[in-house]
Amino acid sequence: MVLSASNEDTIAAVATPAGQAGIGIIRVSGPEARKIAEKIFRPRNPVDSFQSHRLYLGHLIDPASGSPIDEVLVSYMAAPHTYTREDVVEINSHSGPLLLEQILKILLREGARLAKPGEFTFRAFMNGRVDLTQAEAIIDLISAQSERGLQLASSQIHGRLRAEIGRLRQGAVDILAHIEVAIDFPEEEFSLLHREETAGRVQEDLVDPVSRILSGYGERKLWMEGLKTVIVGRVNAGKSSLLNRLLNEEKAMVTPIPGTTRDVIESLIHLEGLPLRLMDTAGFRKVRGKLEKIGIHRAEQKMEEADLVLLVIDQSRALHAEDLDLLSRVRSKRAVVVLNKIDLPARVNGEALEAGSVGLRRVRISALKGEGLEELRKVIREVITAGIDTTDLGVAPSLRHKEALDRASAHFEKSVSNLREGLPFEIIAADLQEGLEALGEIVGETTHEDVLDRIFSQFCIGK
């Protein structure tokens with residue numbers, strides 16, 4: 001799909017989800033939106049012309065036959081006070097796939113064309129209604145997996161990340177302007193630009209703030225996407241029973257036969273507001289057959305990719321070498337050791353368990369009877385949110401933002417070291433410019449000509 005920057009054509013699309021519902025909405029945007037609406041809509045109370053941002057009740061007509069299609073509400077919104085900053089018409093009809101399709105066909109026949117995916121928001125961006133961070137936040141708002149994810153997306157839609165990037169870009173331009181003057185007018189007092197002072201300013205105004213923004217990436221992944229939470233353990237440790245308990249449903253088959261789970265079973269749950277993508281995996285043991293080997297290989301892959309590991313150990317059995325191996329493998333990860341089957345006599349070696357799980361949180365439960373589940377939920381939340389200020393609604397960059405911020409940070413850090421090592425100002429200016437362009441990528445702005453404007457606005461060159 002290629003989106004065009006041209007706004008000469010008028011686009012239309014169904015804006016509501018597919019399926020039957022009470023209301024369906026068809027959106028039209030572009031220079032011919034109002035003209036098309038006047039052709040196909042007959043208001044109940046005749047009007048000379050549509051007034052902007054008002055709803056009109058009437059009938060949608062098929063101009064080809066003159067037949068009424070549906071009783072609808074039509075709103076006309078005049079540019080530039082619309083989502084796309086173009087003339088926009090929205091038709092609120094009764095919903096149903098065939099009805100909406102028929103209305104859309106009429107719109108296309110009367111001069112509109114079918115909008116491409118994301119084209120309304122693309123036009124909003126091209127017309128300056130939103131920047132790239134706000135456009136991306138609209139998707140986040142729709143797909144957020146938690147209440148805090150919704151709050152983060154809403155904050156970004158309202159321009160918090162854009163404001164942060166704007167301050168960084170302004171700081172970079174200010175520093176770069178001083179350096180450009182020192183390059184262009186070496187005989188003037190600007191040549192006395194203090195390197196250590198400038199390096200400190202780059203560190204304080206650029207490197208440190210970028211680092212703070214980058215620290216929010218992990219939080220975004222947590223609240224927006226949910227954490228990959230993998231349940232691992234030996235066969236018959238009670239992994240599937242734990243999954244079913246956390247889900248409050250029989251998602252995984254539970255039998256006393258070892259090795260029942262052969263493939264990864266995945267479900268999404270919300271645990272005290274935290275979205276977790278729970279994955280039950282095949283039990284670890286000496287492989288018995290090709291199918292089981294594939295299951296264990298997938299379990300190992302999921303464990304390596306996991307954001308959180310729940311290692312289930314059957315405390316009614318003696319610790320096995322496979323238990324100890326799993327303990328050593330998850331020690332470097334975010335993990336919780338779940339001691340299951342506390343309704344049975346304990347046979348696990350306490351000293352060996354203590355030594356093998358140093359640094360890991362441990363919770364005792366009975367997945368069969370539901371004992372200890374509340375404590376487990378509490379510990380999971382504590383482990384996940386450790387080091388995260390859940391009261392501060394900061395900015396949470398996406399992967400695209402993170403990659404651009406990483407590049408910007410590398411260039412800014414390089415300029416700091418180059419300043420202190422006495423390298424020419426031309427090299428330092430190039431580093432700052434590269435960092436500035438990386439920041440501009442985040443909001444979708446070009447920054448190549450910014451520096452000249454800043455030089456002439458801040459310095460009296462003709463003095």
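**Charges over rings**

Which residue lies over the face of F425? That's R195, at 4.5 Å from the ring centre. The charged end of K402 sits over the ring of Y217, 5.6 Å from its centre. A charge sits over a ring here if NZ of Lys or CZ of Arg is within 6 Å of the ring centre and within 35 degrees of the ring normal.

**About the model**

This is a predicted model, where local features need pLDDT of at least 70 and side-chain atom pairs count only at pLDDT 80 or more, while totals for chains, interfaces and linings use all residues. Residues are numbered from 1 along each chain as its sequence is written, and side-chain values use heavy atoms, leaving out hydrogens and water.

**The nonpolar cores**

A nonpolar core is a set of buried (under 20% relative accessible area, 1.4 Å probe, protein chains only) Ala, Val, Leu, Ile, Met, Phe, Trp, Tyr and Cys residues joined through side-chain atoms within 4.5 Å. The largest one has 33 residues, and L242, L310, V336 and L376 touch the most other members. A second, separate core of 32 residues includes V173, A404, A438 and V443.

**An aromatic cluster**

F41, F50, Y56 and Y76 form one aromatic cluster.

Technical notes
Buried means under 20% relative accessible area, exposed over 50%, partly exposed in between (1.4 Å probe, protein chains only). Rings of Phe, Tyr and Trp (its six-membered ring) pair if their centres lie within 6.5 Å; planes under 30 degrees apart count as stacked, over 60 as edge-to-face and the rest as tilted.
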